[in-house]
Amino acid sequence: MTDCENGEIRDLLPAWAHGQSAAAEHARVEEHLSLCLSCQAEVALLRTVVASFDAATPRLDMDAIVRALPAGGLRVVPRSAQAPRARYWMAAAASVLVVGTVSLAGLRGVFGTTAPTVDQFALDSVGQEVGPGQAAAVAAPASTSGLSVVGGVSDLSNDNLNALLVELETISPTIDAEPASLRRPLIENEGAF
Amino acid sequence: MATANQPDHEESDTALIARWQRGDQRAAAAIVARHAHPLARFAASAGEREQLDELVQDTFVRAFNSLDSFRADSSLRTWLFTICKRLILDRKRTEKRRRDRVELDESHAVEAYDALDAMVADETARRVRRAVATLSPLQREVFTLRVNEGMPYGEIAVVVGSTEGACRVHYHNAMRTIKELLSDD
């Protein structure tokens, strides 16, 4: 017998035979089968194939298979599920570290145990040491006024601000003494020439 | 998708997996009851004769041990058949190394089915299995998954590692070959 020319229906026959076709397709196949002897023969062949392999397949011990399976409630939590909690604890630890460091630095500032020296202040922006005279000039306002600018200027009261302005006006805009290196002649025995 | 013979109240594999993950071992039993025999039938059609229980059990154990990696975008059935196929291939490789002989080819498959036929009296079934045994391994896998399980081509393609279109061609070629062989007998 020649094959049916309706390839679409023939493609649906195995699923139909297993009852796995969608309801609409199921109705179409049944309608076609009622008219097509070739497809009826193919369905009969499909059922024979299934029956022949069923007969050749031994029965299985289902209970033994189930007993061999792991218990569902004892699953190990995957790493991906643990990651968010680990990240939370790491963030918390980092926060504690930062807060602790800042607090310690604040306490040291209050108790003045490691207050910077004048010479340390007398470093320019690129780390080059300036002369001792300049250092003294830089240190002069604080040492002469007796004001301590530990906090910001905004922390000062109006009286203290006024006192600071008075002190600043008394400071000479020029450096009193030249650095020693500039006072030294470029040529030591200039008079010999 | 609702199918004609599959009632909507039948619990889906996904729901059963969720129940098992909550500790309900009866859900595992339901999954095994649903898929064990089709897996054994697939293995038998692929030429596996010995220790089918062990093969099917290994398939389920492997699947359940890694259900966390199971993606619901493919069906559990497809996944189980894919694992089963890999185990069958492993067995064949092991057997090949152990016995230092060529892998089961088509002529060997026919002999294997002949051996089974001694236990099965049905003449029609014998002829059908002989015809299926003459197919190439890939054709046989596609044909049996399509006919024995009613699997759509998309799922078959995943299991056998091919394309949907190629599986469709393999199926129709296999069907034509079998019809010709049976009409010749």
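A salt bridge here is a side-chain nitrogen of Lys or Arg within 4 Å of a carboxyl oxygen of Asp or Glu. By that rule, there are four salt bridges across the interface of chain A and chain B. Please keep in mind that this is a predicted model.

One salt bridge I can show you joins the side chains of Asp3(A) and Lys179(B), at 2.6 Å, N to O. Turning to polar contacts, the rule gives 15 residue pairs across the interface of chain A and chain B, both residues at pLDDT 80 or more.

Which elements of chain A give two or more residues to the side that touches chain B? They are α1 (7-17), α2 (23-33), α3 and α4 (62-68) of chain A. The largest share of that side comes from α3(A), with ten residues. By class, the side of chain A that touches chain B has 23 nonpolar, ten polar and eight charged residues.

Now the interface as a whole. In contact are 41 residues of chain A and 54 residues of chain B. The area buried between the two chains is about 4,000 Å², and carbon and sulfur atoms give 65% of that. On the chain A side, Asp11(A), Phe53(A) and Leu69(A) lose the most area to chain B, together 16% of what that side buries.

Last, one helix pair. The axes of α3 (residues 37-55) of chain A and α6 (residues 123-133) of chain B come within 9 Å and cross at roughly 95°. Angles of 65 to 115 degrees count as roughly perpendicular, so α3(A) and α6(B) are roughly perpendicular to each other. From α3(A), the contact takes Thr48(A), Val49(A), Ser52(A) and Phe53(A); from α6(B), Thr124(B), Ala125(B), Val128(B), Arg129(B) and Val132(B). Those residues divide into five nonpolar, three polar and one charged.

Notes:
Residues numbered from 1 in each chain as written. Chains lettered and ligands numbered in written order. Predicted model: local features only at pLDDT ≥ 70, side-chain atom pairs only at ≥ 80, totals over all residues. Heavy atoms only, no water. Axes fitted to C-alpha atoms, helices over the stretch in contact; angles between N-to-C directions. Helix = DSSP H or I, 4+ residues; strand = E, 2+ residues; numbered from the N terminus. Parallel < 35°, antiparallel > 145°, perpendicular 65-115°, else oblique. Contact = heavy atoms within 4.5 Å. Nonpolar A, V, L, I, M, F, W, Y, C, P; charged D, E, K, R; others polar. Buried area = accessible area lost by both parts, 1.4 Å probe. Polar contact = N/O pair within 3.5 Å; in protein donor to acceptor, adjacent residues only side chain to side chain.
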